[in-house]
Amino acid sequence: DRLVFAGQVHGNTVLKVNAAPEDGSAGEGDALISDVPGLGLCAQTADCVPVLLADPETGAGAAIHSGWRGTVQNITATTILAMSTAYGTRPRHLLAAIGPAITKENYRVGREVLDQFEALFGALDSKLITARDDEDGAGLDVGEAVRRQLTGAGVLPGHIERVEACTVAEEDRFFSSRRAAANGHAGAFGGQVGVIGLRR
């Protein structure tokens, strides 16, 4: 009946939605949780990772925007904890969907970012990064990092679905902030929205 958005800031703030806000915005944060039927919780992305969570036991759901900064702050686990506190969610019952995002083949980051991921995951394997380049940078798979954080928070691997699509590579399907900048259109606005609807 109503879509609910957040003013996303690449952090780990989780917003609990008890009713549809008049202007559609629940405030500043990067995750929305609710158990109110009829609401569609939205995660806006333009290369970052959207994550949708459904709790079949309680009827609660969540929409998460997880860029690399939010991933370093483990917004996914923070959201699951918030759902557990607010609704009694048990992580092993959650169903998770990881949506389209930039893939490691198109997302080269520097040593300063890789250091932060190493602090979280230890030595970075070939599923998380590409081979290091001459400047000690590498391509980073933030979606894979989020998948690992989901399982680390107690979500069963068989309950996680990931859309294996790259927002940069699939120009006919997705808007990409990084592609826009590479094409001389830095600041151009577009994106995708992942929506989880809570049934009446």
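I started at Thr45, which stands opposite Gln192 in strand 12. A note for myself: strands (E, at least two residues) and helices (H or I, at least four residues) are DSSP runs, numbered from the N terminus.

Before going on, I noted that this is a predicted model, where local features need pLDDT of at least 70, side-chain atom pairs count only at pLDDT 80 or more, and totals for chains, interfaces and linings use all residues. Residues are numbered from 1 along each chain as its sequence is written, and side-chain values use heavy atoms, with hydrogens and water left out.

Next I looked up the partner of strand 12: strand 5 (residues 39-45) pairs with strand 12 in the antiparallel sense over six bridges. Two strands count as paired if DSSP finds at least two bridges between them.

Then I turned to the open sheet, where six strands run in the order 2-4-7-6-8-11 with mixed pairing. Its edge strands are strand 2 (14-16) and strand 11 (160-162), each pairing on one side only.

Strand 2 and strand 4 (residues 31-34) pair in the parallel sense over three bridges, and Leu15 stands opposite Leu32 in strand 4. Helix 2 (residues 75-87) packs on the sheet, touching strand 2 and strand 4, among others; contact means heavy atoms within 4.5 Å.

Methods:
Axes are lines fitted to C-alpha atoms, for helices over the stretch in contact, and angles run from 0 to 180 degrees between N-to-C directions.
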